[in-house]
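Trainee: I would like to learn how to read aromatic rings in a protein model. Can we work through a case together?

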Amino acid sequence: MKLKHYLVVLVAILCLPAFHAAANENIDQLSALADGDHRSDAYKARNQYRHPAQTLDWFGIRNDMTVVEISPGAGGWYSEILAPYLRDNGNFYVGSYDSESEVEYYRRSYQKYADKLAAEPEIYGKVSMFEFAPPNKPDLQPEGQADMVLTFRNVHNWLNNDTADQIFAAIYKVLKPGGTLGLVTHRGEEHMVGKEWSKQGYVPEAEVIRLAQQAGLQFVDKAEINANPKDTKDHPKGVWTLPPAYRLKDEDREKYAAIGESDRMTMKFMKPE
């Protein structure tokens, strides 16, 4: 082996401890925020099912990135971790709902999320919130500047609203070359294609990969961080039969509590360099 090759190997070996220390520090910071005092007990109880620190670390997030979260939910479950994580060194953009939507749920969700940001400026004061609701409000921000786009449990909604193609195209457009899409959503079986199933919350992995690749994104990898083999995917009210929604209320509640939250795919895509 030539001398320069020995030197490359030596440098790599010497850098390993620093690399592992940085990786541990990142996941420790994310874990501390997931369990932080600014979060409710009900939200923290979901950590055991959603594994937020491990999920975000696997996506490759760093606190100096420009990150876009799409459709954060009215309560901003992941935003509670991302906003303080990115506050000092990064940039956090959130594509929330349409404040002028004909659907009352979206108007209410927009306002609840906006009120949440305004109520705690020490945590959320640097969040850049904008409305994202294709086809009427189709653009993500900041165009072409995002290191990472994140979305959690939303793909079924996009399919139900016939906006999945537009949203994946918008994700491609907002990412930098080499940027990452990190996606978690309810995982259906291979045959669960179409609105019959997406209205139950479930989407097959192959369908998500197809939508992303159609938009120009490359499939990078998938992880089983949020897998749940107890989820039989045949519940009366779809994924919302399970916690935390419990759409059947007290009917068979112990049964569904024992299953836990839905089986979820965790996937990583990249905009080509």
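Mentor: Start with Y106. This is a predicted model. Y106 has 23% relative accessibility, so Y106 counts as partly exposed.

Trainee: How is a pair of aromatic rings described?

Mentor: Take Y105 and Y106. Their ring centres are 5.5 Å apart, and their planes stand at 70 degrees. Over 60 degrees counts as edge-to-face, so that is the label for Y105 and Y106.

Trainee: Is Y105 buried or partly exposed?

Mentor: Y105 is partly exposed, because its relative accessibility is 42%.

Trainee: How many aromatic pairs does the structure hold?

Mentor: It holds 7 aromatic pairs. One of them joins Y97 and Y106. Here the centres lie 5.9 Å apart, with 25 degrees between the planes. Planes under 30 degrees apart count as stacked, and the pair of Y97 and Y106 is stacked.

Trainee: Why does Y97 count as buried?

Mentor: Its relative accessibility is 8%. Buried means under 20%, so Y97 counts as buried.

Trainee: Which residues do ring pairs link into a cluster?

Mentor: W77, Y78 and F152.

Trainee: What sits over the ring of W58?

Mentor: The charged end of K268, 4.3 Å from the ring centre. Look at Y172 too: K271 lies over its face, at 4.5 Å from the ring centre.

Methods: Residues are numbered from 1 along each chain as its sequence is written. This is a predicted model: local features need pLDDT of at least 70, side-chain atom pairs count only at pLDDT 80 or more; totals for chains, interfaces and linings use all residues. Side-chain values use heavy atoms; hydrogens and water are left out. Rings of Phe, Tyr and Trp (its six-membered ring) pair if their centres lie within 6.5 Å; planes under 30 degrees apart count as stacked, over 60 as edge-to-face and the rest as tilted. Buried means under 20% relative accessible area, exposed over 50%, partly exposed in between (1.4 Å probe, protein chains only). A charge sits over a ring if NZ of Lys or CZ of Arg is within 6 Å of the ring centre and within 35 degrees of the ring normal.
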